[in-house]
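Here's a quick briefing to read alongside the model. Have the sequence and the 3D view open as you go.

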Amino acid sequence: MPDLIHLPEPRLLFGYNQSLEDPRDGLTLLGPHDPAQNYGVKYGVVATKEGSRRLRSWISQLQGPISEVGKERSRPPYPGFEAAFGMPWSVNPALELSFGEEELRKVVMLNDRHKRNFETVRFFTDLILQAIRNEEVKPEVWIIVIPNFVRQFCRPESVVMKSDRIEATGRMSMSAARKAVDSPFLFEQLNKDAEAYQYEPDFHNQLKGRLLAAGVVTQIIQEGTIAHHEFLKPNGRPLQNLDSLQSQIAWNISSAMYYKLGARPWKLDGVREGVCYLGLVFKQDTKHIAPETACCAAQMFLDSGDGVVFKGNIGPWYAPKTGEFHLSAAAARTLLEQALESYRSKHSGRNPKEVFIHGKVRYSAEEWRGFLDATPSETNLVGVRIHEAKRFRLYRVGSKMPVLRGLAWVQSPRSAILMTRGYIPRLETYPGMEVPLPLEMEICRGEASIEQVLKDVMGLTKLNYNSCRHSDGWPVTLKFADAVGEVLISGPAISNAPLAFKHYI
């Protein structure tokens, strides 16, 4: 019989092993769960002189409290970096690399989107990799401050205005460049020209992907985000008014930086021991001639709260007729064996009691057979399909606010619909603009309690260390695996990609 239930809001652990609901409350009152090193944020900066000045000015603001303005219902205020995280963040970086804006424009304004993104990314990666080779100081995180025009022109569908275009040399068709992968040109220069077309024309993902092999951790910050008041319209008003978002920007970047330094700001309270969650996401690789070619990306979260990245083989996982992705039995076995080996390495050789695999489609018989072949006899393997219930809406009578986050309609012992977005009593509002879409969950393989699956997913919506907010709509297993997949398909396959998730965000 279908039941309507409400799940309590999961709590998070912070300093002194104390728990609270909102990460911003916890960091303000209790400090982070994992203490970081006491010498402060050891970071490098890549920026123009103006970008460096803007970053220093913004970091100086982080030394004190920042509150939202102009809002009836405010988010928790930002208390200052050291007050929240217990370590200093100096305005003076460990290493600073400067470049000229006009020099950067010469590659950002190229009239070919593949060449434009490839050369722009190379502009930054060359600076960082050269500094790593030549400088004694080794920053733990590199902050790349990009001028606004980089974001404007280095997105997948960006177009440079005709009057500003610079002719790119060595242009060729995508079909010719694809053929060069398996059948290189006779002349080496043509192979070099084709290289840009082996990468996705997306600055963020390509930059992260091309620095994976070197193990470089980066934080990309746009100048307009940290100094919006300096970029004005003809009438003197900001191009983008971010006054009401200043505390949110401070929280998000600070939380991400702390995590990238190697420490968890918080972890789930009451997490079940011996359970791990594996998010499985597929990305079609459009750079290959065969339309079936896809990359499988997996993100594993352990009971400790640690996130580990795995990459499945690139193969013919996409079926154009059904629009679904499925691994072969061998590929599925290899992927889960990787995950289990990583789990054992962090748990003194012990196997997990339960493994939950989260995916957006049901698992094929062949795929599931491969997962089962890798599963130890003492481990319970469960396959859960999670997707947005786009045809389902719940409305609250007599109120402008949506229904409560955590409200669930249990349709059967194996399926339910869960409101991971909705009204949050702690915030006294719904932090969104549109009518929230719920998630539909189905235990499609293995045996588990549907209510336990719902509780797990609720908890996993609170582990996004890349943005410091009350909760997300998607569990991190799928949200982060999706982000990892975008980076992994941004260029040619990398055999020795690092496992730590901080390299991908």
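Predicted model: local features only at pLDDT ≥ 70, side-chain atom pairs only at ≥ 80, totals over all residues.

Buried means under 20% relative accessible area, exposed means over 50%, and partly exposed is anything in between (1.4 Å probe, protein chains only). Residues are numbered from 1 along each chain as its sequence is written, and side-chain values use heavy atoms, with hydrogens and water left out.

**Helix H8**

- Asparagine 191 sits in helix H8, which covers residues 188-195; helices here are DSSP runs (H or I, at least four residues) and strands are too (E, at least two), numbered from the N terminus.
- Leaving aside neighbours within four places in sequence, asparagine 191 is in contact with Ala180, Pro184 and Phe185, where contact means heavy atoms within 4.5 Å.
- Leucine 190 is also found in helix H8, but it counts as partly exposed, at 34% relative accessibility.

**The S3-S2-S8 sheet**

- Three strands make an open, antiparallel sheet in the order S3-S2-S8; two strands pair if DSSP finds at least two bridges between them.
- Strands S3 (19-20) and S8 (267-268) stand at the edges with a single partner strand each, so one side of each has no neighbour in the sheet.
- Strand S2 (residues 12-13) is joined to S8 by two bridges, and leucine 13 has lysine 267 in S8 as its bridge partner.

**Strands around S18**

- Strand S15 (residues 380-388) runs antiparallel to strand S18 (residues 439-445), with six bridges joining them.
- Strand S17 (residues 415-418) also pairs with S18 in the antiparallel sense, over four bridges.
- Glutamate 442 in S18 is the bridge partner of arginine 385, and serine 415 stands opposite glutamate 442 as well.

**Cysteines**

- The structure holds zero disulfides, a disulfide being a pair of cysteine sulfur atoms within 2.5 Å.
- Cysteine 276 is buried at 1% relative accessible area, and cysteine 468 is buried at 2%.
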